[in-house]
Amino acid sequence: MSKPKTSLDFRKNSVEALADTAMREAMRNSTAVFSGHREQGFSTVPDLESWRDRASDIRSRVLDNLSEYVDKFAANATSAGAVVYRAKDAEASRDIIAAILRDRGAKKVVKAKSMVSEEVYLNAHLEEQGVEVVETDLGEYIVQLAKERPSHILAPALHKNRRQIGELFAKHLGVDYTDDPEVLTKIARKVLRKKFLEAAAGISGANFAVADTGSIILFTNEGNGRMVTTLPRLHIAILTIEKIIPSLTDLSAFIRLLPRSATGQIHSSYMSIITGTRNPGEETGAEELHIVLLDNGRWDILAGECREILKCIRCGACMNVCPVYGSVGGHAYGSTYPGPMGIILTTMLEGMEKSHPLLDATTLCGVCADVCPVRVPLLKLLYTLRERRTKEGLVPSLERTAMAAFGLVVKSPTLFSWGQGMSRISWPLLSKIPGSETLERLPKPVKDTFRRRMS
Amino acid sequence: MTRENTIDIFLKNAKSVGAGTVLAADLDELKQSVSKIIEDTEPVYCPGKTDKEAAVIPPEEKRAPDYFSAQATVEEVFGAIAETGSIVCSSQDGRELQAGLLPAHHVAIVARENIFSTLDDFFSSLGPEIPTNITFITGPSRTADIELTLTVGVHGPERLDVIVC
């Protein structure tokens, strides 16, 4: 069974993942379905490239003036009735949220899916403080019951098949085993509806935050995001600073691209624009809204050569088309964010020394960059980081030695010719060495080489 | 684009995302279509605050006292967007957005003059003061979290009907 990895040792993790046939089967089906949906979603769009240009320009403008936009958002959200906090790192954000809940005696919390809360390990921290945290997105609820972490940023339980989910529900919810997705969904509806109505607080992330109005924006399909933000009297939102867009008129660019890139939908089932707290005369809206603006390394990323990764709107398209992600699944990355955007963001957040093995998780085919709706130059960034890894001497020593030797040999025609001859003679011997199975997948050296025929 | 055109595009897109769609010519037709849609459902919640809502209030024996206990909610919503087939709910004027969220069936009435052609038209129409909650609803509640099998009604309504009047 696919277990969440806590180490970023991609080579080791991926070998284990490739041996997990159930997970591979699930991944093969789902990434193909996702990519098909995306293509279908854009098939009727007359001018996709101009949509991408507009969205990319907006995201670049935000990054160029981020400090100004963050201040503007904070000021406008505050005047709409929200309390805005700035958290420097994961620990600070967890402490702020724990304190808000503690001060109000809130012991039961319902949560809408938020990758940022995964990034800061919020649930574990709140549970340590005696708070019951219930994930309400169906996929997130499934991985919470399994005590795992999401393997995809949009479909957290993508790696699980229906039988595994059926067994999980039977074990934890005291219901009869079924593997019918419709019945399982109805069971979750009933169990979670009770949790929504009992909860003292709701915690959500945000897909975007609007500087001009101080609003936060949530895209969901299930409706749990709407419940979390309207049923409890207290709503806490956690988001990272780069999620800001300048104004509501900019939102249309992202409504057109985000759902289509993610699932092929013309629009997600729900999108909420939440601006401050309930006003006099209103019957909807939290009485208290707390917004935690998290940095967690973003200012440093912004100052460096990989700043464009902060344009990302978390649609998941890059992982859905990635041949590596499709083979090994999200857990093999061992990081909060998997796939191409995940490799880059994780390396920036965790540092090269810790995350450099993740830079092997790419074929450098570049399809990710082709599908990115906001034109994050993913391929260029992957190259940049791989070059930096080599410069910092973090490539495995065997690979480094082999590359140095190869460099030496190709510089000298005599050595090269001798090497070609030697490789042919020694090949049968080399392939007998235990652990050299990869040689079998390579073409065998021939006597009549291209070089010989040309000379 | 003419108004009729915008209405057509809205209805076509709303249908494509899984909503039931009706075009009612007047209050009488509205009344008939609502009673037909909720024929086998009870209890039904209807706030009765707008003229259109007042016209479709269900008979007393079928009425739910609040949306928590209702099987269906019938309400007039703020507007709609043709481009995406979405209806727009807003918390202004004391509207309860939860009423269209908790029951299994949501029947939304949209006044024909409140349908916006594009997303940009809608956002440019908003003044500087916006209500606490604006929600776009595009089809029923759905999930594909189990083997990417599409299932409706996970948390919100499993059925959405939209009536333009």
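Trainee: How many bridges join strand 1 of chain B to strand 11 of chain B, and do they run parallel or antiparallel?
Mentor: Four bridges join strand 1, residues 20-23, to strand 11 of chain B, and the two strands run parallel. Keep in mind that this is a predicted model.

Trainee: Which residue is the bridge partner of Leu23(B) in strand 11?
Mentor: Leu23(B) has Val164(B) as its bridge partner there.

Trainee: What else is joined to strand 11 of chain B?
Mentor: Strand 6 of chain B, residues 105-110, is joined to strand 11 by six bridges, and these two strands run parallel. One of the pairs is Ala108(B) with Val162(B) in strand 11.

Trainee: Is strand 11 of chain B mostly covered or mostly open?
Mentor: Mostly covered. Strand 11 spans residues 159-164 of chain B, and five of its six residues are buried.

Trainee: And for chain B overall, what percentage of residues is buried?
Mentor: Buried residues are 53% of the 165 in chain B.

Trainee: How many helices and strands does chain B have?
Mentor: Chain B has four helices and 11 strands. Its radius of gyration is 15 Å, close to the 15 Å that the globule rule gives for 165 residues, so chain B is as compact as a globular protein of that length.

Trainee: What box do the C-alpha atoms of chain B fill?
Mentor: Roughly 45 × 45 × 30 Å, taken along the principal axes.

Trainee: What share of the contacts in chain B comes from residues 24 or more positions apart?
Mentor: Counting contacts with a separation of 6 or more, 68% are between residues 24 or more positions apart.

Trainee: Change of topic. How many residues of chain B are in contact with chain A?
Mentor: 41 residues of chain B, and they are in contact with 50 residues of chain A.

Trainee: Which elements of chain B give two or more residues to that side?
Mentor: Helix 4 (119-125), strand 8 (133-137) and strand 9 (142-143) of chain B. Strand 8 gives the most, with five residues.

Trainee: How do the residues on that side of chain B divide into nonpolar, polar and charged?
Mentor: The side of chain B that touches chain A has 15 nonpolar, 20 polar and six charged residues.

Trainee: Which strand of chain A is joined to strand 8 of chain B?
Mentor: Strand 9 of chain A, residues 270-274. Five bridges join the two, and they run antiparallel. In that pairing, Met271(A) stands opposite Phe136(B).

Trainee: How many strands form the open sheet that takes in both of those?
Mentor: Eight, in the order 8(A)-5(A)-6(A)-9(A)-8(B)-5(B)-4(B)-7(B), with mixed pairing. The edge strands are strand 8 (244-245) of chain A and strand 7 (115-116) of chain B, each of which pairs on one side only.

Trainee: What joins strand 7 of chain B to strand 4 of chain B?
Mentor: Two bridges. Strand 4 is residues 79-81 of chain B, and the two strands run parallel. Ala80(B) stands opposite Ile115(B) in strand 7.

Trainee: Over to chain A. At what angle do helix 9 and helix 10 of chain A pack?
Mentor: About 35 degrees, with their axes 11 Å apart; helix 9 is residues 162-173 and helix 10 is residues 181-198 of chain A. Their crossing is left-handed.

Trainee: Which residues make the contact?
Mentor: From helix 9 of chain A they include Ile165(A) and Phe169(A), and from helix 10 they include Leu184(A) and Val191(A). The residues of this contact divide into seven nonpolar, one polar and one charged.

Technical notes
Residues numbered from 1 in each chain as written. Chains lettered and ligands numbered in written order. Predicted model: local features only at pLDDT ≥ 70, side-chain atom pairs only at ≥ 80, totals over all residues. Contact = placed C-beta atoms within 7 Å. Nonpolar A, V, L, I, M, F, W, Y, C, P; charged D, E, K, R; others polar. Pairing = 2+ DSSP bridges. Axes fitted to C-alpha atoms, helices over the stretch in contact; angles between N-to-C directions. Left-handed = near helix turned anticlockwise from the far one by under 90°. Buried ≥ 20, exposed ≤ 12 C-beta atoms within 10 Å, placed from the backbone. Rg over C-alpha atoms; globule rule 2.2 N^0.38 Å.
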